[in-house]
Amino acid sequence: MTADGKNLSNTEKLVSKFLDLLPSNSLVERANWSARLPSNNEAIVIPTQVNYVGKAANLYDGGYQLNGSAYVISKHISNTWLWDRVRVSGGAYGGFCNFDTHSGVFTFLSYRDPNLLKTLDIYDGTADFLRELEMDDDTLTKAIIGTIGDVDAYQLPDAKGYSSLVRYLLGITEEERQRRREEILSTR
């Protein structure tokens, strides 16, 4: 529940009473669920003139250890390499990447993309782009500021409550969040 202190105090007894009325045992059989992606490559073909092109891999399976710099790198790849190649040159409505730090899955995505195979080649060329990258201090500073802006974006109370719930469920502590901030700010 998200509310100011006064409203939380006023509703505490009612919420407590409601929680006491909930059954203590689940009446629904537990389902086993796996977040693992299939180990094979998969494509879904649909009859359209534009595509939604994605490619993903689990970086943790390859031994990657999370560092806050991954947020900065993802931001920079999305705002430069993918923007220029997939959006501007390729004609897609958008292209970006995302690193899910909890699962380890790094994902490339584009939408309304007329170039399926060319876009997959661009995704595959990202490692070479990063190897050859020479970034000046101004560009790095902008990437870091943009990343911190995403990590610590302004939120209305309902969004703060949701974010707090997600962090609680995932076991993300404030100390961990601060460590990631420091890693982001020290990216070189």
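Reader: Where is the kink in α2 centred, and how many degrees is it?

Author: This is a predicted model. In it, α2 has a kink of about 60 degrees. The kink is centred on Trp83.

Reader: Which residues of α2 are buried?

Author: Start with the general idea. An α-helix has 3.6 residues a turn, so residues three or four places apart point the same way. Now the case here. The buried residues of α2 are Ser69, Ala70, Val72, Ser74, His76, Ile77, Ser78, Trp81, Leu82 and Val86.

Reader: What covers the buried residues of α2?

Author: The cover includes two strands, β2 (94-99) and β3 (105-113). It also includes the helices α3 (116-124), α4 (126-132), α5 and α7 (174-185).

Reader: Take α5. How do I read its packing against α2, and at what angle do the axes cross?

Author: Two packed helices are described by the angle between their axes and the distance between the axes. Here α2 spans residues 69-89 and α5 spans residues 137-151. Their axes come within 9 Å and cross at roughly 110 degrees. The two helices are therefore roughly perpendicular to each other. On the α2 side, the contact uses Tyr71, Val72, Lys75 and His76. On the α5 side, it uses Thr139, Leu140, Ala143, Ile144, Gly146, Thr147 and Asp150.

Reader: How many residues of that contact are nonpolar, polar and charged?

Author: The contact of α2 with α5 has 5 nonpolar, 4 polar and 2 charged residues.

Reader: Now α3. Are α2 and α3 roughly parallel or antiparallel?

Author: Read the angle again. α2 and α3 pack at about 170 degrees, and their axes are 10 Å apart. Angles over 145 degrees count as roughly antiparallel, so α2 and α3 are roughly antiparallel to each other.

Reader: Which residues meet there?

Author: From α2 come Trp81, Leu82, Arg85, Val86 and Ser89. From α3 come Lys118, Thr119, Ile122 and Tyr123. The residues of this contact divide into 5 nonpolar, 2 polar and 2 charged.

Reader: Is Gly90 buried or exposed?

Author: Buried means under 20% relative accessible area. Gly90 is at 10% relative accessibility, so Gly90 counts as buried.

Reader: Which residues is Gly90 in contact with, leaving aside its neighbours within four places in sequence?

Author: With those neighbours set aside, Gly90 is in contact with Arg85, Pro114, Asn115 and Lys118.

Technical notes:
Residues are numbered from 1 along each chain as its sequence is written. This is a predicted model: local features need pLDDT of at least 70, side-chain atom pairs count only at pLDDT 80 or more; totals for chains, interfaces and linings use all residues. Side-chain values use heavy atoms; hydrogens and water are left out. Axes are lines fitted to C-alpha atoms, for helices over the stretch in contact, and angles run from 0 to 180 degrees between N-to-C directions. Helices (H or I, at least four residues) and strands (E, at least two) are DSSP runs, numbered from the N terminus. Angles under 35 degrees count as roughly parallel, over 145 as roughly antiparallel, 65 to 115 as roughly perpendicular and the rest as oblique. Contact means heavy atoms within 4.5 Å. Ala, Val, Leu, Ile, Met, Phe, Trp, Tyr, Cys and Pro count as nonpolar, Asp, Glu, Lys and Arg as charged, and the others, Gly among them, as polar. The bend at a residue is the angle between axes fitted to the seven residues ending there and the seven starting there. Buried means under 20% relative accessible area, exposed over 50%, partly exposed in between (1.4 Å probe, protein chains only).
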